[in-house]
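Here is my note on this model, in numbered points. Please keep the structure open as you read.

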Amino acid sequence: MAFSTDQSVYTPAPRENRKLDHLPGSYGLPLFGRTFKALRDPLGNIRTQYETYGPISRTNVFFQKSVNLFGPEANEFVLRDRERNFSSRYGWDRALGLLFPRGLMLRDFDDHRFHRRIMQEAFRKEALADYVNMMNPEIESGIAHWADNNPLLFYPAIKKLTLDMAARVFMGLKLGPEADQLNRAFMDAVQASVGVVRVPIPGTQMWRGVRGRELLCRFFASMIEQKRASEDGDFFARICRAETEDGEKFSDDEIIDHMNFLMMAAHDTTTSASTTLIYHLAKYPEWQERLREEARALDKTHAEHGDMDHFQQTGQAFREAMRLLPPVVVIPRRTVRECEFAGHTIPANANVAVFPGFVHRMPEWWKEPEQFDPDRFSPERAEDKQHPFLYVPFGGGPHTCIGMHFAELQVKAIMHQFLLRYRVSVARDYYMPVQALPIPKPTDGLPLNIERIA
Ligand code: HEM
């Protein structure tokens with residue numbers, strides 16, 4: 001069987017079109033362009049670009065020339081992509097192509113639609129209900145000792161918890177040496193995807209990543225038959241059995257590619273969003289109490305799928321955390337044909353990007369955008385509803401995050417148990433220092449004062 005680790009089956013994106021001089025903007029420094037500014041202050045960098053040049057302009061970051069588009073209309077133009085102008089595959093290729101080829105996000109148009117329809121089977125309501133039931137015992141044991149060390153370094157703690165939950169829910173593994181080994185392999189692959197060295201030279205992160213990927217591929221391959229014949233409720237088993245009404249299903253190789261990609265797409269994003277949420281709850285104790293009251297009102301130790309509508313306030317706070325710090329900071333695409341936006345021509349084969357985190361703070365749309373104010377998502381205010389592409393932490397259009405309900409379920413299930421058991425705080429003058437790229441995380445691990453209350 002030709003596994004996806006076989007580098008010969010990886011076809012890189014065609015060379016980018018760098019003829020963008022006709023567009024407003026500037027490339028910045030020779031060679032490095034605006035890379036240093038983008039690393040130092042990503043949001044400030046694109047804000048200046050928007051304020052200087054308007055909704056579309058050219059730039060040069062990370063040795064790539066690209067066209068940046070700003071605002072909800074730009075989001076809609078690129079993400080909804082009614083005219084099929086944009087390739088997601090070639091947009092994401094540089095970051096993800098080598099280690100996560102042929103994942104759902106690296107497929108386009110009819111091929112993408114075909115795969116998404118099959119995958120949707122593993123995200124049906126009854127599947128989500130099973131997943132949350134599998135998550136709950138992992139959460140309970142995972143958070144049991146979080147108050148043993150005070151302060152609690154929240155980021156590494158939640159990262160470990162979500163990883164253990166992924167082993168259980170995605171791969172159907174119980175905690176133990178096998179889960180640890182596969183988790184390690186998975187982390188190596190994810191780390192490598194953001195590494196500077198892009199060739200697997202022995203000893204580099206990319207080399208460890210490729211080896212990690214090989215281990216995961218071997219594991220998935222060895223289990224497919226057994227999972228297909230099983231009635232297991234984990235994600236892997238469901239993907240193996242998934243079949244549309246028209247009888248469409250995945251081949252073994254496709255299952256392996258999708259499993260690798262999904263675990264990557266699910267993990268750091270949920271970890272980042274949970275961290276941002278907890279930071280704000282520690283910073284704004286009145287909101288923490290509102291959410292705790294909501295958790296207590298459920299009168300259950302574990303939240304189930306049918307309880308999700310109960311968590312209105314938690315849902316608003318979660319949305320507000322992702323407004324301020326969306327886990328996917330930039331959404332890249334590549335044009336497959338010439339197209340036009342705001343009176344400017346974008347040539348074929350050009351890199352294009354939209355920025356959820358920027359649009360989420362545009363003062364033209366949001367009231368006091370820098371403030372943590374979950375009530376802006378209340379039915380009465382509904383600031384996010386002013387434009388369908390104003391609030392896009394999960395993207396939009398054909399590539400909208402397929403795991404968004406899963407992510408919300410997971411965060412609510414964790415929050416429920418956490419808030420019933422612990423109270424957390426930070427000093428009044430503490431501000432979480434954030435490394436924004438590739439996925440936001442606190443550079444200090446987010447130390448929280450933690451107190452057990454049950
Ligand atoms: C808070 C957590 C999450 C956030 C903020 C998030 C964000 C996103 C965004 C912005 C996209 C669209 C990217 C694009 O258009 O290029 C996306 C796509 C995707 N996400 Fe998520 N995600 C999260 C959790 C998850 C989870 C839990 C899963 C799986 C269980 C998942 C699986 C995927 C997949 C497979 C895609 C590709 C969809 C497609 O191309 O059709 N994500 N996600």
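**Notes on the fold**

1. Start with a hairpin. S1 and S2 form it, with 2 residues between them. Phe62 sits in the turn and has a positive phi of about 50°. Strands such as these are DSSP runs (E, at least two residues), and helices are DSSP runs too (H or I, at least four residues); both are numbered from the N terminus. S1 covers residues 56-61 and S2 covers residues 64-69. The two strands pair in the antiparallel sense over 6 bridges. Two strands count as paired if DSSP finds at least two bridges between them. Ser57 stands opposite Asn68 in S2.

2. A word on the source. This is a predicted model: local features need pLDDT of at least 70, side-chain atom pairs count only at pLDDT 80 or more, and totals for chains, interfaces and linings use all residues. Residues are numbered from 1 along each chain as its sequence is written.

3. How confident is the predictor, as pLDDT, in this chain? The chain averages a pLDDT of 93, and 97% of the residues score at least 70. Here pLDDT is the predictor's confidence in each residue, from 0 to 100. Over residues 1-8 the pLDDT is below 50. That stretch has 20 contacts in the model beyond near neighbours in sequence. A contact means that the C-beta atoms of two residues, placed from the backbone, lie within 7 Å.

4. Strands of a sheet pair through backbone hydrogen bonds, either parallel or antiparallel. S2 pairs with S8 (residues 351-354) in the parallel sense, over 4 bridges. Val67 stands opposite Val352 in S8. S3 and S5 run antiparallel and are joined by 2 bridges. There, Ser87 stands opposite Arg334 in S5.

5. Look next at H3, residues 72-80. Its buried residues are Pro72, Ala74, Asn75, Phe77, Val78 and Leu79. A residue is buried if 20 or more other C-beta atoms lie within 10 Å of its own, exposed if 12 or fewer, and partly exposed in between; C-beta atoms are placed from the backbone. The buried residues of H3 pack against several elements, including S2, S8 and H14 (356-359). Just after H3, Asp81 takes a positive phi of about 50°.

6. Is Gly33 buried or exposed? Gly33 is buried because 20 other C-beta atoms lie within 10 Å. Its place is in the segment before H1 (35-40). Gly33 and Phe62 are 29 residues apart in sequence, but 7.7 Å apart in space, C-alpha to C-alpha. Leaving aside neighbours within four places in sequence, Gly33 is in contact with Tyr27, Gly28, Thr59, Asn60 and Val61.

7. Arg337 lies in the loop between S5 and S6. Arg337 counts as partly exposed because it has 13 C-beta neighbours inside 10 Å. Not counting residues up to four places away in sequence, Arg337 touches Asn85 and Ala348.

8. There is also an open sheet of 3 strands, in the order S4-S12-S9, with antiparallel pairing. The edge strands are S4 (152-153) and S9 (422-425), and each pairs on one side only. S4 and S12 (residues 447-452) are joined by 2 bridges. Leu153 has Pro447 as its bridge partner in S12.

9. H8 spans residues 177-193, which is 17 residues. From first C-alpha to last it reaches 25 Å, close to the 24 Å expected at 1.5 Å a residue. That expected span is 1.5 Å times one less than the number of residues. Among the buried residues of H8 are Leu182, Phe186 and Val190. The buried residues pack against H4 (88-96), H7 (154-169), H9 (205-229) and H11.
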